[in-house]
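This report concerns the structure displayed below. Please keep the sequence and the model in view while reading.

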Amino acid sequence: MLAALILLPLSQAPGGGATVNQAGGARFTDVTEQAGITFKHVSTPEKRYIVESMSGGVALLDYDNDGHLDIYFVNSLTVDLLKSKGKTVSALYRNRGDGTFADVTQKAGVGDIGWGMGIAIADYNNDGFQDIYVTCVGANHLLKNNGDGTFTDVTEKAGVGDPRWSTGASFVDYDNDGRLDLFVANYVSFDFNKLPEFGKEKTCQFKGVAVQCGPRGMAGDGDSLYRNNGDGTFTDVTKKAGVSDPNGYYGMGVISSDFDEDGLVDIFVANDSTPNFLYHNKGDGTFKEIGFLSGTALNENGAAQGCMGVTVADYDHDGKLDLFVTNFDDDYNVLYRNDGGRFFSDASYAAKIAAVSLPYVGWGTKFFDYDNDGWVDLFVANGHVYPQIKNFHQRNLLHRNNRDGTFTEVAEQSGAPFAEKRAGRGAAFGDIDNDGDTDIVVNNLDGAPLVLRNDTASGNNSVLIKTIGVRSNRDGVGARVKVVSGDLVQKDEVRSGDSYISQSDLRLHFGLERRTKIDLIEIRWPGGAVDKISDVKPNRVLTIREGQGIVEQKEFKAAPARR
Amino acid sequence: MLLAPFKFNARRAVLGLALVCIFLAPSQGSRAQEGANDLAGQLERAASLIGGNQLAEAERLLNQVLKVRPEEAAALNLLGAIRAKQGKLVEAEVLFTRAVASDKRLTGARMNLAYLFLLKGEPEKSAAELKEVLRLEPANAEAAYRLAWLLLKQNRTDECIDLVERVRQSQTLSAPLLAVLGDAYMRRGDRGKAVGALKSALELSPAEASYHYTLGVGWLKHPADLQEAEGSFRRFLGLRPGDAQGQLHLGYVLLKQKRHAEARDLLERSLQTGAATPEAFYYLGLIAQGQNEDERAIGLFEKSIQLGPSFGHVHVALGSTYLKLKDYTRAQAALETGAKLTPDDTKAHYNLALLYARLKQPERAREEMLIVERLKGEGKARDDDGDTFAPPPL
């Protein structure tokens, strides 16, 4: 009996049902239930209206500064609930630090946000506590963290309650004044008093099947940029900054990144069925839209795609941040390789992430290094929008980075959680159990979410870096971090808002493979200051304060059974 | 590939003429009944000889008749058929015309004349004869089919549909006529009715390969139904396994579905079976491009260009490959050629915009993007028709 147990392969290990991937070693365990997550996202079975298909975001944040990532799930309404003035509850779960979570929604006062869509997290008022911005169908909500476990809805005072159908959002210090501004994308102009008739028009048909209408055939809405005045209020500078989207393209995912490394953060908006925007920050408070000329507006055929989620990373280690966007089915997820000089190439097929994505509608996504080998891999949450068709529920994708500019899709070999088919939407990434690897949370359209604990037994080292700005914004959003360990050089940025209308851990994670020393950590802060820290030990959470270096370090929680 | 077996070649035409002639049955009055029977017998014998290709014997018999009855319409018609079979079309026309002049109700001679006019490239005259036949014999299915086919060939789609739908009111349509109707509806853009007609034709003649082919082409029309198209082309190839056009089309359908290995296999087979078309090399190049085999893709695109220098899409594909490889000089040459040959190709202009941007020519880049925008506004963008590359000739 003992011999039998010893010989039992990991793929049959009791507990999670997850298996070890022969090719990439990915091992994720669905811990949703055991973590005490009981949240259920609400939607109708039929989804007769587009507005019932597009929610919901999810965020990983540390609202109580205890060093453990908490989770906020955005919930939506339905047309019937709206008409009957019914309610649903979005949920905040506090991480107890022992693998379980407590539902603190009521105490925190963050549950009633109406028809929620997405979320972005950052400390907009530089008080040391992460605040929440929830996008909605209708007025959005800015929930100020009071620092005592509660939040106050300050939307009206702040002036950021865009009343349209908002989707992606990103806190971004576009003018490098140390205060986080806010960009919000808007989707369709949806009139609840004139509901589109299910299946009636050409735009309400999908391969001959009657479905919900849109977005094509519906009017879109422009986007918004709010400048932080530093006194708890914001000024709408959308038009002045040149980011208004006067044609009303269908905005979805938003990500902020200094793509051209000129020290000024740029903004990318993934638009559904319309060309994407890449707003190049000119440094004078205005932006120039360079989507077309940069090669990121359309795919290589010059075609607009049904873009949803977005993520950024230097996947090929050439020092430039590349862009990945998830798309509708029968079209491929697109990888725009950054060629420098504000030019991108569609490298999707070359990177071997395109063909495998064709059957799926992709949403939440992130470049993340699941096996700590120092090369970012790629996750995509999938699920269709039309329950009337066969493959409404879809499995998620996991692409392993082959370190040669290509990826291999390994989800099917990565165990039970990846074989399950659901209608995935938002996805957030972060080290929930502080054991040095990145976990995944997916908000599904119907019902329970998915909390995937990363149990990949790589044996590799890693580091988590938490930035604290001083002259820069408090969270260090926009800080560019370079980590050098021998011949391994990695770059990333602190970002608020990414994936599909979601928020990942603001701490940056770097895998180091077997390297036991970090030679250099270089941080270029949004204000332009640079900090360089040498000879750092891995396998810990480093807190680095602008101008002061490492101010705190905590070793990762040991997870011997899984490492 | 043409839908109908109604082709302009002498062999078929003459065979057709002979067949028509067989149906000629001259009718005469009472006293002369005996002689008439004798005449009918002679004519039937002559028709039979023509059918057996014994032209000299048939001509001798007919000359005997015409000696007694110089304007005997049926004999003139048969003699015209012999001349047509001998390739003497001018003499044949004179004889058919005399036959019609002698007996205006002799529909067989009018049918032969219709054929002859087609051979001479006079479709209007041909149509007029066929219409006269239908006026005389509204139930003449052969005339209806040929007239419908002729109208379709002349792109008189609405007239063709009206004709066939009128015929449908009085009789059950034959498979060929249903197939012509399907083709006509397809050209009018009514895929639902087109598919309906073609499916009816296939119920009557399930082994007629060309119907499967036409149906497959129909499924490729916007919005393409690739699964249905695949089924049709597979059935077509089941009946004609070595048909290069069928392989090309099925290869295209599989390529559209990103089933690259299967598509490559079929396209390579189409090349082996003789269809060394620009499209086949183009598709194979696209497959290579999609699999990151850029050098191979370039070779295939160049072969495609050798075969069809005016096939604009392949220049665009070649240019985009060079752009990907950062060979900007070659990319510019290929893309500019492609844009010139296919000015409505958004991919050409989009890639040119990207290229000019990289060459630090922002004005030219902007101009190209404006063209892309304009084309999108006009509904000509590739994403609007669901196509990412040029279809084979449909």
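## Model and conventions

This is a predicted model, in which local features need pLDDT of at least 70 and side-chain atom pairs count only at pLDDT 80 or more, while totals for chains, interfaces and linings use all residues. Residues are numbered from 1 along each chain as its sequence is written, and chains are lettered from A and ligands numbered from 1 in the order in which they are written.

## Chain B overall

Chain B has 21 helices and zero strands; helices (H or I, at least four residues) and strands (E, at least two) are DSSP runs, numbered from the N terminus. Of the 394 residues in chain B, 48% are buried. A residue is buried if 20 or more other C-beta atoms lie within 10 Å of its own, exposed if 12 or fewer, and partly exposed in between, with C-beta atoms placed from the backbone.

In chain B, 49% of the contacts with a separation of 6 or more join residues 24 or more positions apart. Two residues are in contact if their C-beta atoms, placed from the backbone, lie within 7 Å.

The expected span is 1.5 Å times one less than the number of residues. Ten of the 13 residues of H8(B) are buried, among them B:Tyr145, B:Arg146, B:Ala148 and B:Trp149. The buried residues of H8(B) pack against H6 (107–119), H7 (123–136), H9 (157–170) and H10 (175–188) of chain B. Just after H8(B), B:Asn155 has a positive phi of about 60°.

Helix H18 of chain B (residues 312–324) also has 13 residues and reaches 19 Å from its first C-alpha to its last, close to the expected 18 Å. In H18(B), 13 of the 13 residues are buried. B:Lys326, which follows H18(B), has a positive phi near 65°.

## Contact between the chains

The contact takes 19 residues from chain B and 15 residues from chain A. On the chain B side, H18, H20 (346–358) and H21 (362–377) each supply at least two residues, and H20(B) gives the most, with seven residues. The chain B side divides into eight nonpolar, five polar and six charged residues. Here Ala, Val, Leu, Ile, Met, Phe, Trp, Tyr, Cys and Pro count as nonpolar, Asp, Glu, Lys and Arg as charged, and the others, Gly among them, as polar.

Leaving aside neighbours within four places in sequence, B:Ala353 is in contact with residues including A:Phe292, A:Leu293, B:Met369 and B:Val372.

## Strands of chain A

An open sheet of four strands in chain A has the order S6-S7-S8-S9, with antiparallel pairing. Strands pair if DSSP finds at least two bridges between them. The edge strands are S6 (116–122) and S9 (151–153) of chain A, each pairing on one side only. Between S7(A) (residues 131–136) and S8(A) (residues 141–145) there are three bridges, and A:Tyr133 has A:Leu142 in S8(A) as its bridge partner.

Strands S32 (residues 480–485) and S33 (residues 488–493) of chain A pair in the antiparallel sense over six bridges. A:Val483 stands opposite A:Gln490 in S33(A). S32(A) and S33(A) form a hairpin with two residues between them, and A:Gly486 in the turn has a positive phi of about 60°.
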